[in-house]
Amino acid sequence: MNYAEVKELISIVNGSLLTNFELNMDNVSIKMSKNKDAVISHTTEQNTAQTVSIQAAEISVPEVLKEKKQEEPSGNLVKSPIVGTFYAAPGSDKPSFVKVGDKVKEGDTLCIVEAMKIMNEIPSPYSGEIAEIYVINEELVEYGQPLFKIK
C-alpha cells in the first residue's frame, strides 16, 4: 500500500460516519479512529512505522510523506472532490469529455475520477468555456486539486 492509497483511505474514512476503522493485509496494518487523540499507524514489512494524526478533521503528515504543493491557480476552478485517478474520457477508445476551448453548461460531465473501483462523474459547477485543463489522463489526483479552469 503506497502513500496515495493511504491518503485516499484516510479521506474516505474521514468523510464517512465511521468512528473506527482497521485494515490488515499483506503485512500492512492500518488503524483509524476519529477520537480527539486518534492515531493512524501504517506499518510495513520492514517494521518501520509512519504515523499520521487526525485532530478536528485535519490531517497532519510527517515530513517524510509530504509532497510539494503546487501554487493554486485562480478563477472559476473545478477541483477534485475525491482522491483518485483522473480520466478525461469515458473509455480509452472514446473522445475526451471536454477539451480547452469547449463550451460547457452547469451540470455537464467534465471527467471521471475513479476511487476504489468506483467511477465518479465530475459535473461542471459553472457554465462557460474550458480555459485550462490542469491534469492529464490517468493521473492520480488529490482531494481539492484543481482539474479545470472555466471562464
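Is Phe148 buried or exposed, going by its relative accessible area? Phe148 is buried, at 1%; buried is under 20% relative accessible area, exposed is over 50%, and partly exposed is in between, with a 1.4 Å probe and protein chains only.

Before going on, the ground rules. This is a predicted model, in which local features need pLDDT of at least 70 and side-chain atom pairs count only at pLDDT 80 or more, while totals for chains, interfaces and linings use all residues. Residues are numbered from 1 along each chain as its sequence is written, and side-chain values use heavy atoms, with hydrogens and water left out.

Now the sheet. There is an open sheet of 4 strands, in the order β6-β13-β11-β8, with antiparallel pairing. The edges are β6 (76-79) and β8 (103-104); each has a single partner strand, so one side of each is left without a neighbour in the sheet. Strands here are DSSP runs of E, at least two residues, numbered from the N terminus, and two of them pair if DSSP finds at least two bridges between them. Between β6 and β13 (residues 146-150), which run antiparallel, there are 4 bridges. On β6, Val78 stands opposite Phe148 in β13.

That brings us back to Phe148. The structure holds 1 aromatic pair. The ring centres of Phe86 and Phe148 are 6.0 Å apart and the planes are at 50 degrees, so the pair is tilted. For the cut-offs, rings of Phe, Tyr and Trp (its six-membered ring) pair if their centres lie within 6.5 Å; planes under 30 degrees apart count as stacked, over 60 as edge-to-face, and the rest as tilted. Phe86 sits in strand β7 (residues 84-87) and Phe148 in strand β13, 62 residues apart, and the pair links distant parts of the chain. Phe86 is buried too, with 1% relative accessibility.

Next, charges. How many salt bridges does a search of the whole structure find? It finds 2, a salt bridge being a side-chain nitrogen of Lys or Arg within 4 Å of a carboxyl oxygen of Asp or Glu.

One joins Glu129 and Lys103, with the closest N and O atoms 2.9 Å apart. Glu129 is in strand β11 (residues 128-133) and Lys103 is in strand β8, so this pair ties together parts 26 residues apart in sequence. Glu129 is partly exposed at 22% relative accessibility, and Lys103 is exposed at 65%.

The other joins Asp102 and Lys99, where the closest N and O atoms are 3.3 Å apart. Asp102 is partly exposed, with a relative accessible area of 21%, and Lys99 is exposed at 52%.
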